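Please keep the structure in view while reading.

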Amino acid sequence: MEGAEEELERRSKFLSSLIQKKKATEQQEQHDSLNVRVRASDMPFPLQNRAFRCARDHLDSMPGKLDSKRIALALKKEFDSSYGPAWHCIVGTSFGSYVTHSTGGFLYFSIDKVYILLFKTAVEPLDH
């Protein structure tokens with residue numbers, strides 16, 4: 001019986017690895033289609049994809065000059081309304097930053113030559 005359990009565990013691990021590879025391939029294909037490059041992240045994939053799509057849509061709607069403030073505000077509003085308050089966004093072609101963020105709430109990526117930092121800070125009650 002022990003041999004059968006080991007074989008089942010081995011097959012389960014193998015299937016899990018195939019599923020992970022398939023998800024990674026699909027994720028990369030989506031990044032390529034949007035011209036996205038993830039620089040750093042600890043954000044779940046569904047949230048990342050939402051940020052990529054929102055940023056891509058706003059970039060595509062801008063004829064001519066980049067409006068960094070408009071993209072940053074759109075991403076902030078999108079994430080505040082969908083995932084609660086305390087989201088922040090920095091957009092530009094060149095910037096530096098050092099931020100503290102909530103676990104699972106950090107994404108730094110580029111689309112074309114535009115860099116976007118989206119992060120959530122912890123919301124703490126004010127002491128009176």
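Leaving aside neighbours within four places in sequence, which residues is Ile111 in contact with?

## Ile111 and its surroundings

With contact taken as heavy atoms within 4.5 Å, Ile111 is in contact with Leu34, Asn35, Val36, Phe52, Ala55, Arg56 and Leu59, once neighbours within four places in sequence are left aside. Ile111 lies in strand 3, and it counts as buried because its relative accessibility is 0%, where buried means under 20% relative accessible area, exposed over 50% and partly exposed in between, with a 1.4 Å probe and protein chains only. Between Ile111 and Leu59 the sequence separation is 52 residues, whereas the C-alpha to C-alpha distance is 8.8 Å.

## Basis of the model

This is a predicted model, in which local features need pLDDT of at least 70 and side-chain atom pairs count only at pLDDT 80 or more, while totals for chains, interfaces and linings use all residues. Residues are numbered from 1 along each chain as its sequence is written, and side-chain values use heavy atoms, with hydrogens and water left out.

## Overall fold

The protein chain has three helices and four strands, which follow one another from the N terminus in the order α-β-α-α-β-β-β; helices (H or I, at least four residues) and strands (E, at least two) are DSSP runs, numbered from the N terminus. Of the 128 residues in the protein chain, 30% are buried. Among contacts with a separation of 6 or more, 57% join residues 24 or more positions apart.

## Packing of helices 2 and 3

Helix 2 (residues 45-60) packs against helix 3 (residues 68-83) at an angle of about 145°, and their axes are 10 Å apart; the axes are lines fitted to C-alpha atoms over the stretch in contact, and angles run from 0 to 180 degrees between N-to-C directions. Residues making this contact include Leu47, Ala51 and Leu59 of helix 2 and Ile71, Leu75 and Phe79 of helix 3.

## The nonpolar core

A nonpolar core is a set of buried Ala, Val, Leu, Ile, Met, Phe, Trp, Tyr and Cys residues joined through side-chain atoms within 4.5 Å. The largest one has 23 residues, and those with the most contacts inside it are Leu75, Phe79, Phe109, Ile116 and Leu118. At least two residues of this core come from each of helix 2, helix 3, strand 2 (87-92), strand 3 (106-111) and strand 4 (114-120), and helix 2 gives the largest share, six residues.

Leu118 touches, among others, Met43, Ala51, Leu75, Phe79 and Trp87, not counting residues up to four places away in sequence.
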